[in-house]
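Student: I would like to request a close look at a single part of this structure, the boundary between its domains. Please describe it in one connected account.

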Amino acid sequence: MQRIDIHHPDGNADRDFPLSFLDTYFMPVDLVLVINGTLDKDQLCQSLTKALALYPPVFGRFKRPRQGELLLHLYHSVPLYFGKQDVFHPYSWRKFTNGISTKKVLSGQAPLFQVTVTYLSTAQTVLGISFFHVLGDVLSLYSLLRTWSGMYSEDKTCIPPPLTKRIGFKAFPPSVSVKEIPQQLPRRSQRFSPTLGSKITAYAPLVHAIVFKTLEYARFNVTAEHLNILVEKARSQLHPANCSTQDAFKAYLLKALNRFVYTKLTSHPRVTRIVTIVDARRARNVPGEYFGNCITACDTPYLAASTNLSQVANAVRQGINALTADKLEKGDEWIQSIQAVNGLMDLTPAFEADTLYVDDWTKVSMEEVDFGLQQDMFCQPLEVEALPVRNWCMIYKAKDLGYQIQVSVPKGKAGDLVKGIKMDLQEEFDEYFW
């Protein structure tokens with residue numbers, strides 16, 4: 001495999017780039033694009049150089065904070081790898097990516113973005129993308145890839161240039177002590193764990209899931225036709241009928257999990273809440289071109305078993321509509337106090353066993369990243385080792401405008417869920433609407 005390093009035009013500069021207090025997601029995001037046609041190697045390198053010149057943080061290496069603030073050290077090279085394979089199959093996707101090691105990133109020894117280009121005997125090109133989450137959210141990743149695609153095909157960007165200056169606090173950090181900071185805010189999926197014991201408590205469930213392989217991912221598709229049937233039936237029981245297709249599907253997935261996975265025969269708790277990961281740019285009054293992390297979580301209240309599907313969908317919509325700048329401020333103040341005691345690296349995951357977590361990518365048009373040719377496939381196969389969280393769901397837009405779904409369930413239950421959903425689709429969801 002050949003390696004070519006991409007350098008920033010100001011590559012000799014030596015400076016620090018301050019990250020935002022929102023950039024506390026220390027995990028890689030891997031995905032694969034299959035393009036019909038053979039992309040030119042030199043043109044790929046030249047276009048990536050031009051594209052990344054607009055995104056200076058991508059050339060950074062992570063620096064552990066000394067006075068509270070997260071930093072990147074600029075400018076370092078971005079590696080681009082080239083190789084050959086016979087064919088591509090989604091289940092062998094790891095052979096087509098060069099994953100970023102979280103441990104190496106946090107020690108400042110690894111890049112935050114790298115690409116593996118594989119030429120297939122089928123005259124296709126596979127792009128394996130590895131993007132470290134501290135750089136930005138999915139809209140940021142899409143912006144970068146779409147810019148690269150435009151530079152390759154038209155020698156220009158097809159979207160507005162990114163805004164790379166990060167969100168900062170509006171005021172100086174408060175003077176607090178570690179003992180005064182709450183370990184967790186209600187319903188937040190992060191916990192402040194400043195001691196070794198608290199870190200062990202936070203990471204133990206995730207390590208247990210990885211070591212003992214207690215989870216697996218169920219994967220299935222839902223067509224646009226079935227989604228239309230679902231949302232029409234959900235809206236028919238709501239006045240006003242204000243739920244979206246995404247709301248109706250999340251509500252259905254909760255019901256399906258409780259019907260086919262968390263039955264009375266299992267010791268696991270049923271799903272009683274839904275948390276949706278959403279873009280918070282509008283709520284924070286941040287431009288859409290912002291490059292960085294600007295996501296937050298919107299949750300529902302406790303959902304009793306008697307709550308019907310339409311009511312669940314309405315609860316999802318109400319939670320999203322309730323997102324305001326004022327509501328975000330309390331969480332910002334908590335993060336600000338943690339940064340003041342140099343504790344951002346002490347933030348740990350906090351997931352609840354009775355909650356469905358949904359990361360919805362249906363509004364991200366990854367199919368437009370085609371390099372002037374035709375994109376045959378986009379996939380992001382999840383593995384328990386990378387995301388060992390029960391009831392974590394990823395939703396993507398399929399080519400027929402339907403959904404591609406991945407959701408983690410207890411080991412041995414993926415088949416039951418897929419079989420049950422297939423039955424629901426055949427019955428057009430009649431079981432949930434009386």
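Tutor: In this predicted model, about 2,300 Å² is buried between domain 1 and domain 2, and carbon and sulfur atoms give 62% of that area. Buried area is the accessible area (1.4 Å probe) that two parts lose on being put together, summed over both. F21, L22 and D137 supply 23% of what domain 1 buries against domain 2, more than any other three residues.

Domain 1 covers 2-153, and domain 2 covers 190-362 + 382-427; these bounds come from an automatic or database domain assignment. Their C-alpha centres lie 27 Å apart. The contact (heavy atoms within 4.5 Å) takes 34 residues from domain 1 and 21 residues from domain 2.

Between the domains the count is two salt bridges, each a side-chain nitrogen of Lys or Arg within 4 Å of a carboxyl oxygen of Asp or Glu. E383 and R94 meet through their side chains in a salt bridge, at 2.8 Å from N to O.

On the side of domain 1 that touches domain 2, β3 (28-36) and α3 (138-154) each supply at least two residues. The largest share, four residues, comes from α3. Helices (H or I, at least four residues) and strands (E, at least two) are DSSP runs, numbered from the N terminus.

Residues are numbered from 1 along each chain as its sequence is written. Local features need pLDDT of at least 70, side-chain atom pairs count only at pLDDT 80 or more, totals for chains, interfaces and linings use all residues, and side-chain values use heavy atoms, with hydrogens and water left out.
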